[in-house]
Amino acid sequence: MAPDPKCAAISAAQKRTGLSYADIATKIGSTETRVTQIVTGSALATDDEFKALAKALDITDSVPHAGVHQTA
């Protein structure tokens with residue numbers, strides 16, 4: 001199974017910004033544990049979580065959204 005593009009984008013942005021998981025959690029009003037789960041790919045971000053993470057990490061809208069690769 002290929003890595004989720006959202007998790008990959010969040011992980012790359014976290015590395016780029018140098019923010020800690022705790023810093024990100026504070027910015028989005030979540031827990032460090034939840035942010036760690038999302039960034040490492042052990043859990044998928046909800047749409048609302050992804051939007052908050054994208055804003056906190058300056059991720060552009062070029063990340064594929066859910067359902068992009070679904071087939072009929």
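## Around Ala 25

In this predicted model, Ala 25 is in contact with Ser 30, Thr 31, Glu 32 and Val 35, once its neighbours within four places in sequence are left aside. Ala 25 belongs to helix α2, which runs over residues 21–28, and it counts as buried because its relative accessibility is 3%, where buried means under 20%. The C-alpha atom of Ala 25 is separated by 9.9 Å from that of Ala 52, a residue 27 places away along the chain.

## Lys 6 and its partners

Two salt bridges are found when the whole structure is searched. In one of them, the side chains of Lys 6 and Asp 47 meet with a distance of 3.2 Å from N to O. Lys 6 lies in helix α1 (residues 5–17) and Asp 47 in helix α4 (residues 47–56), so this pair ties together parts that are 41 residues apart in sequence.

Lys 6 counts as buried, at 12% relative accessibility, whereas Asp 47 is partly exposed, with a relative accessible area of 47%. The charged end of Lys 6 also sits over the ring of Phe 50, at 5.2 Å from the centre of that ring. As for pairs between aromatic rings, the structure holds zero.

## Arg 34 and Glu 49

A salt bridge also joins the side chains of Arg 34 and Glu 49, with 2.8 Å from N to O. This pair links distant parts of the chain, since Arg 34 is in helix α3 (residues 32–40) and Glu 49 is in helix α4, 15 residues apart. Glu 49 is buried, with a relative accessible area of 18%.

Definitions and conventions. Residues numbered from 1 in each chain as written. Predicted model: local features only at pLDDT ≥ 70, side-chain atom pairs only at ≥ 80, totals over all residues. Heavy atoms only, no water. Phe/Tyr/Trp six-rings, centres within 6.5 Å; stacked < 30°, edge-to-face > 60°. Lys NZ or Arg CZ within 6 Å of the ring centre and 35° of its normal. Helix = DSSP H or I, 4+ residues; strand = E, 2+ residues; numbered from the N terminus. Buried < 20%, exposed > 50% of the residue type's maximum accessible area, 1.4 Å probe, protein only. Contact = heavy atoms within 4.5 Å. Salt bridge = Lys/Arg side-chain N within 4 Å of Asp/Glu carboxyl O.
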